[in-house]
Every structure is written in C-alpha cells, then in structure tokens.
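Here is a short briefing on charged side chains and how they pair up. Have the sequence and the model open as you read.

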Amino acid sequence: MEIYAYFILGIILGLAIAVYIFVDREEKIQREIELQQRIFSTRKLNEALDKAVNIMQSRIATLNRELTEEEKDNIIYDCYVTNDK
C-alpha cells in the first residue's frame, strides 16, 4: 500500500514540475514578444497592419477563397503607402 502512495505522489510531483516548466516557458515567450514590440513596432506600422488585416478579411469574405501571396503583398503595400502620406 505504501508503494502506491509514493507512486501517486511521484505522479503529482511530476505533473506539478511539468506545469511549472510550461508556464515559465510561456512567460519567457511573452516577455520576448513584448520586448520585440517595443523595439521594432511603431504607431504607423501598427495602423498599416491593422488596416491591411481588415481589408484582407473583407476580401476573403467577399471572394470566398484564400488570397494569393501577391494579393496580400499588394494590400500590405497599398496600406503602408496610403498610411505614409
């Protein structure tokens, strides 16, 4: 009976360690994303990307298909150029 108790405690300890490692990894990834956003992101870039995403979503809905890479590139370029002025 004592062996089963140690076995169950070992499983619980192993799960707790796995959860801790997973959460710690997620926090490190989140901190890295926030750091990169502070370094590379600007207001103008965010506005252009938001506008491009909205246009892509509406075009996908109207065309009922995925957009090609060229179509996506053109939308992104147009949004950046119009946002740049």
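Lys-72 is partly exposed, with a relative accessible area of 25%; here buried means under 20% relative accessible area, exposed over 50%, and partly exposed in between (1.4 Å probe, protein chains only). This is a predicted model, where local features need pLDDT of at least 70, side-chain atom pairs count only at pLDDT 80 or more, and totals for chains, interfaces and linings use all residues. Residues are numbered from 1 along each chain as its sequence is written, and side-chain values use heavy atoms, with hydrogens and water left out.

**The pair in helix H3**
- Lys-72 forms a salt bridge with Glu-69, their closest N and O atoms lying 3.9 Å apart; a salt bridge is a side-chain nitrogen of Lys or Arg within 4 Å of a carboxyl oxygen of Asp or Glu.
- Glu-69 and Lys-72 sit 3 residues apart in helix H3 (residues 69–84), so about one helical turn separates them; helices (H or I, at least four residues) are DSSP runs, numbered from the N terminus.
- Glu-69 counts as exposed, at 55% relative accessibility.

**The pair in helix H2**
- Arg-43 and Glu-47 form a salt bridge, with 2.8 Å between the closest N and O atoms.
- Because they are 4 residues apart in helix H2 (residues 43–63), Glu-47 and Arg-43 are about one helical turn from each other.
- Arg-43 is exposed at 59% relative accessible area, while Glu-47 is partly exposed at 37%.

**Another pair, and the total**
- Arg-25 and Glu-26 also meet in a salt bridge through their side chains (4.0 Å, N to O).
- Arg-25 is partly exposed at 45% relative accessible area, and Glu-26 is partly exposed at 34%.
- The count comes to 5 salt bridges by this rule.

Methods. Helix = DSSP H or I, 4+ residues; strand = E, 2+ residues; numbered from the N terminus.
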